[in-house]
Amino acid sequence: MTSVATLRAPEPAGARRPTPRRYLMCRPDHFDVYYAINPWMDTSAPVDRALALAQWENLRATFERHGHTVDVVQGLPALPDMVFAANGGLVIGERALSARFANPERAAEGPAYHDWLAAQRFTRVAAARETNEGEGDFAIAPDRILAGTGFRSSRAAHEEVQEFFELPVISLELIDPRFYHLDTALMVLGDTIAYYPAAFSGESARLLATMYPDAIIATEDDANVLGLNGVCDGYHVFLSDKAVAIAEQLRARGYEPVGIDLSELLKAGGSVKCCTMEQHSVRTAVAPAMD
């Protein structure tokens, strides 16, 4: 994939400023845990759907209260994980790529999200050919896309995304099944990132340390409550209210953490970012250098 040497270093951080974002979410009307495809899911633990709905509504209202626009896609019966909208695709500027899920239990989510994306005014919409779980494994950073592999999205999907969006993709290997998607182990914060090094292979952890020497390093306790599964608008960082240490680190860097209780959805292995697909504004394209 793209050489780090070809990428422009992030600009130094100045005063943090929020910018209005557009998010896509899906109400958990059909949320449940009756299959297990990650270590967080326990089919013997009861799910309180009413509580899940209330927590989700609070997240949506929090986004809107902070000046962001939220679109809502209709959830479908028999797709209990469709609430995790981040996995449904990737949108940058006028291009959208819908997901192709790794597990058969979630396979029908790909076409459902594709239908929604195709009905919007994007100039180019495609369905992924390779196994690709959207923003679950693709994090949009300035002039690059950080991409996870090892559990869900394939390495071939990284090449597909790089070609489709014409942005360089940096491949990162995940090795801990608790952190099965990149967005459970890494969060983009504009000019830098926060991440949990132990979730990555040694080579990928060293690459991140080289690319982001000023990154926030999450504690194991915060990683274990999916404290890195957050959303940043440039100033506010919406994340689990249980992620105490990283909230303090964010404040020290000039961000404003906004704690959100999504404990019911955590039973399926998701938190703030999992519930949120960002429709990213157009980014400056950098000609990709393929291996």
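Residues are numbered from 1 along each chain as its sequence is written, and side-chain values use heavy atoms, with hydrogens and water left out. Because the model is predicted, local features need pLDDT of at least 70 and side-chain atom pairs count only at pLDDT 80 or more, while totals for chains, interfaces and linings use all residues.

The pLDDT is the predictor's confidence in each residue, from 0 to 100. Its average over the protein is 93, and 92% of the residues score at least 70.

Helices (H or I, at least four residues) and strands (E, at least two) are DSSP runs, numbered from the N terminus. Buried means under 20% relative accessible area, exposed over 50%, and partly exposed in between, with a 1.4 Å probe and protein chains only.

Helix H2 (residues 109-118) is mostly covered, with 7 of its 10 residues buried. Among them are Tyr-113, His-114 and Trp-116. Their cover includes strand E1 (22-26), strand E2 (69-73) and strand E15 (277-280).

In helix H4 (residues 202-211), the buried residues are Ser-204, Ala-205, Leu-208 and Met-211. They lie on the same side of H4 because they cover an arc of only 130° around the axis, taken from the directions from the helix axis to the C-beta atoms. This buried side packs against strand E7 (144-149), strand E8 (169-173), E9 and E10. Glu-203, Arg-206 and Thr-210 are exposed on the face turned away from it.

The loop between strand E9 (186-188) and strand E10 (193-195) holds Thr-192. Thr-192 counts as buried because its relative accessibility is 2%. Leaving aside residues up to four places away in sequence, Thr-192 touches Tyr-212, Asp-214, Ala-215, Arg-253 and Tyr-255.

An open sheet of 3 strands has the order E12-E13-E14 and mixed pairing; two strands pair if DSSP finds at least two bridges between them. Strand E12 (231-232) and strand E14 (256-260) each have a single partner strand, so one side of each lacks a neighbour in the sheet. Strand E13 (residues 236-240) runs parallel to E14 and is joined to it by 5 bridges. Within E14, Glu-256 is the bridge partner of His-236. Helix H1 (residues 49-65) packs on this sheet and touches E12, E13 and E14. The direction of H1 makes about 155° with that of E14; axes are lines fitted to C-alpha atoms, for helices over the stretch in contact, and angles run from 0 to 180 degrees between N-to-C directions.

Technical notes. Contact means heavy atoms within 4.5 Å.
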